[in-house]
Amino acid sequence: MADKEKNDDKKPKKSTECCGYPVSIFFIVVNEFCERFSYYGMRAVLVLYFRYFLRWDDDLATSIYHAFVALCYLTPILGAIVADSWLGKFKTIVYLSIVYAIGQITMAVSAIHDITDTDRDGTPDNTAVHVALAMVGLILIALGTGGIKPCVSAFGGDQFEDHQARQRSTFFSVFYLCINAGSLLSTLITPILRGQECGIHSKQKCYPLAFGVPAALMVVSLVVFIAGSGMYVKAAPKGNIMLQVSKCIGFAIKNRYKYRSSKVPKKEHWLDWAEERYDKLLIAQIKMVLKVLCLYIPLPMFWTLFDQKGSRWTLQATTMDGTFGTLILQPDQMQTVNPILILTLVPVMDRIVYPLIKKCGLNFTPLKRMTVGMFLAAMAFVSAALVQLEIDKTLPVLPSSTQTQLKVINMGNAQLQVNFSSHTSLMLGSLQASEDYMTFDNPDIKISLNTNPVISENFTLSLGKRQTLIIPTIPDAMYLTNDLTAKPEQGNNAVRFVNGMNRALNVSDVALIEPSAISNNTLYSQGSQTFNITDGAQSCQFSTHFGFGGAYTFLIPSTMTWTENCNDSVVRVEDIQPNTVHMALQIPQYFLITAGEVVFSVTGLEFSYSQAPSNMKAVLQAGWLLTVAVGNIIVLIVAELAKIPDKWAEYVLFASLLVAVCVIFSIMAYFYTYIDPAEIEAQFKENNELEPDEKEEKEHKAIKMETHKTLQSQDEPM
């Protein structure tokens, strides 16, 4: 059996056809759709998993996210070498897909918070277990998705014969469509799964389900791909061109260093030092490739900005309002704007924009398009900075480390004047709270009430904190309670209740509230909520609506009437206003970054392929993917080292860096000379196949022909 498989690898068999297409490609297309769903679905919720499950801060969550993405774009080089040199594409895809599936399953297991002890809020105590599992899972996923990346599309192309050029072209179009369809559906579905609540001992956002469905899709992808095994054309490994290129460059550098001090005649190009061992045609082809790779040097900065839509922009969306009529959009679902716009903009650019520019007589070369794409990405971050400035205006003004803030709530049935030792006073009506928090520089204050007799008490407030002073129904004493010093996470709403009655109450799933006491904060999602108040003998209900990221205190008066609906009795106090900046304001930045991607990425690949020899496409593909990896490494360096406190300033910094790089790239593009590799190769082969005498005779004929043309042109009328 092993010998038979080996023979199959050496001599590819003819694939079974259906409607002119190899049947095998249908398995490959389904495989790609499921794999892309798995990857983008997991990646869509990844930064929120870091931030809200593992409890990392924004900078660390961003850094690990981009380290993972960078690794995903470094491993394709390894996958290409393994496939072309040893295993072949089919076995490489199967083996690495198994690794991939194990990684996805490990990620799903890492998100099960009930595998360790949990705090009251469901946060795992032993986060080391979760972190270890998550890191192992991400490394396996990066090896899998990166390793199969250069193999799957090429393996699909291997299924077609020479006479099926049209079908092959259609396959690649469908293949690209599957990538975007998988990305679109997964970024819509997995955030919804994440938003569900699940758990045995404690309820929490359902990250196990959000990771579990992509894991299941990866298993399906692997099963489908293996199911088509008997129909595939499996080409044998032919040796990896990237290794040949690397060895040739290494030998040239070594040889040049070896003869650095000798009197050996200098070479025209440093790569010519490899002529002792390597073919001149290979050296000429490498020269062409290096010319393009030099243009790649500034490109990572584009990817530095582009891939932040899955990290910084998603975190930005958590501080915004996602209500679109009856539809409530999750922060990580905003990423769906990108694949939707790609599917729209690619045909618009190809069929409308580029032809119009050409009709206007403008020479919109590929390098000029790429420059425009970089500029559009920079403008996207300027737009993100403007949105962040609007968000910052709605954020609560919190006390500094030398200040303290206080809110006062009057639970009594009469108006009260509250006096402070700083000679300020506050008039509060029945069941009323001070409109804003008052800021004090001195934490030691004396508070008195204009009751008869006057009640006064000294308090020491906590520096850097917010507190609320509760004046009970019978104002014989006052007490302090600590408040939130940050907006509730993930767009949730923090809710607490003050019991103004003389008996204990229970409010829905909130713990029992003792008489004249305040409950702990409980988190509720956005939308309408109905609460049931009961003292054991009587009950009533009240309803309210929450936005994104607010904090509220509900006052239950001593005079509440126990009717079916007690909306008129319960008083709502807003401690932190909800998010008021709408997620729709992110659409311009998504539009600009996607337009930049279409103009930059699609054009960049087209330009690279047109400027490289036919046998060096893989080298350029590896170089292109390497720019993506380096771009993500830049993000994690900036996130960890810069530590810029204002997010808008960080966005402006990235935009400025890309504009500077854009200028450098435009200068490099100006001096670049476009070539036709096929023509140069043909000419090179022809010159090397001729004998020296034939070369001299051909050159002589060429000179005579050029002289004849020159004389003719001089005789022509001006």
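Predicted model: local features only at pLDDT ≥ 70, side-chain atom pairs only at ≥ 80, totals over all residues.

Among the contacts in the protein chain with a separation of 6 or more, 72% are between residues 24 or more positions apart. The secondary structure of the protein chain comes to 18 helices and 22 strands, and of its 718 residues, 49% count as buried.

Let me turn to one helix pair. Helix 8, which covers residues 241-258, packs with helix 9, residues 280-296, at an angle of about 95°, and their axes are 11 Å apart. Since angles from 65 to 115 degrees count as roughly perpendicular, that is therefore how helix 8 and helix 9 are classed relative to each other. On the side of helix 8, the contact is made by Val-245, Cys-248 and Ile-249, while helix 9 brings in Ile-283, Ile-286 and Leu-290. If you sort the residues in this contact by class, you find 6 nonpolar ones, with no polar and no charged residues.

Now to the aromatic residues. How many aromatic pairs does a search of the whole structure find? The search returns 47, and I will pick out two of them. In the pair formed by Phe-381 and Phe-654, the geometry is edge-to-face, with 6.2 Å centre to centre and 70° between the planes. Phe-381 belongs to helix 13, residues 366-394, and Phe-654 to helix 16, residues 647-670, so this pair ties together parts that are 273 residues apart in sequence. Phe-381 is buried, its relative accessible area being 0%, and Phe-654, at 1% relative accessibility, counts as buried as well.

The second pair is Tyr-670 with Phe-671, which is also edge-to-face, at 5.1 Å centre to centre and with 90° between the planes. Are these two residues, Tyr-670 and Phe-671, buried or exposed? Both of them are exposed, whereas Phe-381 in the previous pair is buried.

Finally, two arginines in relation to tyrosine rings. Arg-369 lies over the face of Tyr-354, at 3.8 Å from the ring centre, and the charged end of Arg-466 sits over the ring of Tyr-437, 4.0 Å from the centre of that ring.

Note on methods: Residues numbered from 1 in each chain as written. Heavy atoms only, no water. Axes fitted to C-alpha atoms, helices over the stretch in contact; angles between N-to-C directions. Helix = DSSP H or I, 4+ residues; strand = E, 2+ residues; numbered from the N terminus. Parallel < 35°, antiparallel > 145°, perpendicular 65-115°, else oblique. Contact = heavy atoms within 4.5 Å. Nonpolar A, V, L, I, M, F, W, Y, C, P; charged D, E, K, R; others polar. Phe/Tyr/Trp six-rings, centres within 6.5 Å; stacked < 30°, edge-to-face > 60°. Buried < 20%, exposed > 50% of the residue type's maximum accessible area, 1.4 Å probe, protein only. Lys NZ or Arg CZ within 6 Å of the ring centre and 35° of its normal.
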